[in-house]
Amino acid sequence: MLRTNRPWGNPSSLSFFKEHRNSVEEAYPSELHFLEKVVPQVQSVLDVGCAAGGLYPVFKKYNPRLHYEGADVIPEMIENARKKFPRLSFHLVGGAALPFEDNSREMVFSSGLFHLIDHYEAYLQDLYRVARRFLLVDFRVHSEATRCSEMWVAFGGVERKEELKVPYYVLNMGDYLRMLTRLKPSPGKIDIYGYPGKVSANTKENIPDVLFLFANIEKGAGRTAWPEISLHITPKPQGGVG
Ligand SMILES: C[S@@+](CC[C@H](N)C(=O)[O-])C[C@H]1O[C@@H](n2cnc3c(N)ncnc32)[C@H](O)[C@@H]1O
């Protein structure tokens, strides 16, 4: 098992995702920025790291006919998701690579995951492989060197136990852009939007403020030229979380 999987199965995490992140009010402004534009353009989405499937109502709001599927590494998360949405498909995955065909989902989405796994670069390429048109994914970025710190998966309190620990990656802006532009096949377009914010109280204290950046990566047709790139960093919108 990947060292990054297990902490998500603890009781505080299971109960948090049963009750939260399940409405537009609890979605991040950076997610909504892209979801309202992209979701109406697609018929299928795979939500990787879906937890209890909470974001499904948000997707549905923007496209009532969307075929939504979720994937997660924690069996109890998948059970909770299946109980809540018995008509939808939720897949238990190993977390190293997805068991899906190339280009099999029009859109692949992942939120709140890529800064918390060691194999973020290989996994990004794997999600991009599965996406036919769009990959939407968030990272934490800053102007300093790429660094790996630590976060404890403990909701509702600071609980620094070894078994709750996951890595917390903050990427250098240049490394981040290089990683996105090196995806194969070369993306046609990359739109990045986000804002500076404070890291969670459950991370090691010495991480400075970071940029919370969501990217909408549009698959190209294998061209070798540079993708069209836009990067929009704003002050954090009022009232938004995360
Ligand atoms: C921070 S939570 C985010 C949940 C949800 N996406 C959200 O934004 O509310 C991370 C989720 O990713 C899952 N996860 C961790 N590693 C994973 C992997 N390699 N592949 C898929 N899911 C993973 C965890 O079990 C957990 O449910």
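Two residues are in contact if their C-beta atoms, placed from the backbone, lie within 7 Å.

**Figure 1. Overall fold of the protein chain in a predicted model.** Among contacts between residues at least 6 apart in sequence, 73% join residues at least 24 apart. The chain contains 6 helices and 10 strands. Its C-alpha atoms fill a box of roughly 50 × 45 × 40 Å, taken along the principal axes. A compact globule of 242 residues would have a radius of gyration near 18 Å, and the value for this chain, 17 Å, agrees with that expectation. Of the 242 residues, 38% count as buried.

**Figure 2. Surroundings of the ligand.** The ligand is surrounded by 20 residues, and the closest are W8, R21, G49, G95 and G112. Sorted by class, this shell comprises 11 nonpolar, 7 polar and 2 charged residues.

**Figure 3. The largest nonpolar core of the protein chain.** In soluble globular proteins, nonpolar side chains tend to be buried together. Here the largest nonpolar core has 68 residues. Those with the most contacts inside this core are M107, V108, L127, L135 and L136. Beyond its neighbours within four places in sequence, L136 is in contact with F34, V38, M107, F109, F214 and N216.

**Figure 4. Buried and exposed residues of helix α4.** Helix α4 spans residues 75–84, and its buried residues are M77, I78, N80 and A81. Seen down the axis of α4, these buried residues fall within an arc of 160°, so they line one face of the helix. An α-helix has 3.6 residues a turn, so residues three or four places apart point the same way. On the other side of α4, P75 and K83 are exposed.

**Figure 5. Residue E218 and its contacts.** E218 is found in strand β9, which covers residues 210–218. Is E218 buried, exposed or partly exposed? A residue is buried if 20 or more other C-beta atoms lie within 10 Å of its own and exposed if 12 or fewer do. E218 has 17 other C-beta atoms within 10 Å, and therefore E218 is partly exposed. Leaving aside neighbours within four places in sequence, E218 is in contact with R133, F134, P187, G188 and K189. E218 and V58 are 160 residues apart in sequence, and their C-alpha atoms are 21 Å apart in space.

Key. Residues are numbered from 1 along each chain as its sequence is written. This is a predicted model: local features need pLDDT of at least 70, side-chain atom pairs count only at pLDDT 80 or more; totals for chains, interfaces and linings use all residues. A residue is near a molecule or strand if its C-beta atom, placed from the backbone, lies within 6 Å of it. Ala, Val, Leu, Ile, Met, Phe, Trp, Tyr, Cys and Pro count as nonpolar, Asp, Glu, Lys and Arg as charged, and the others, Gly among them, as polar. Helices (H or I, at least four residues) and strands (E, at least two) are DSSP runs, numbered from the N terminus. The radius of gyration is taken over C-alpha atoms; the globule rule is 2.2 Å times the number of residues to the power 0.38. A nonpolar core is a set of buried Ala, Val, Leu, Ile, Met, Phe, Trp, Tyr and Cys residues joined through C-beta atoms within 7 Å. The arc is that of the directions from the helix axis to the C-beta atoms.
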